[in-house]
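Let's take a friendly tour of a protein model, one piece at a time. Keep the structure open beside you as you read.

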Amino acid sequence: TAPGPRSYTTLRDEAVKLFNSLQQLESERDPVPLMQGVLQTCLDLPPLVDEIYCQLVKQTTEPPAPGGKGDLHYWQLLTCMSCTFLPSPPVLRFLRFHLDRTENRFPASEMAKYACFIREALEKTKGRECVPSLEEILVLMQRQEMICTVHCPGVPACSVAISSHTTAEEVAQELVSRLGLSQSPNLFALYEQSRRREQPVGSATLLADVLTRFE
């Protein structure tokens, strides 16, 4: 199930818990649930977003084993953060400097590839209603796109590749073009359907948020 409401203590205590989670991340065999937990806490407690960005920059600066499994776990969480939250301007400048420095020091490495992906994501991220789903975290760890299946009346289901930044309007436009309906006078929209209800998806809604709600 998708992360639900949580109870929190003070910001200071939660910051300590997040720091401990980051320490655990380095050796975690399955880091995805832990990553989602960190992201959920940041979504619920926005003042901690900058703190986590700074901690992740620190953890990926002069690591004991550059490009090792533990180091890459930090880069993968930093990737998920960049697709979910924008840090404050001072932290954003600090982060971009760190990304540039990493690409210059380790060209063509996995760290450099994550740094490039993160820089591009930060140009598109505007904030999320939900944290990434487990599936989205897995594809972000590989710097890939998700495949979203859309059921269209009268035709087979369509598979569409989406990123963390793809809106419902963009997917609707792609499907209209793919189905040869560009000249149709009708309006088209995506609908979200569950066992209880069916409702239109707002044109600016991120499809990744819709998928998290279905998780």
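Phe-188 sits in the loop between α8 (168-178) and β3 (191-193). Helices (H or I, at least four residues) and strands (E, at least two) are DSSP runs, numbered from the N terminus. This is a predicted model, where local features need pLDDT of at least 70, side-chain atom pairs count only at pLDDT 80 or more, and totals for chains, interfaces and linings use all residues. Residues are numbered from 1 along each chain as its sequence is written, and side-chain values use heavy atoms, with hydrogens and water left out.

Now for two helices. The expected span is 1.5 Å times one less than the number of residues.

| Helix | Residues | Expected span | End-to-end C-alpha distance |
|---|---|---|---|
| α4 | 14 residues | 20 Å | 20 Å |

In α4, 13 of the 14 residues are buried, so this helix is largely enclosed by the rest of the structure. The buried residues of α3 include Leu-48, Ile-52 and Tyr-53.

β1 pairs with strand β2 (residues 158-162) in the antiparallel sense over 5 bridges; pairing requires at least two bridges found by DSSP. Within β2, Cys-158 is the bridge partner of Val-150.

Notes:
Buried means under 20% relative accessible area, exposed over 50%, partly exposed in between (1.4 Å probe, protein chains only).
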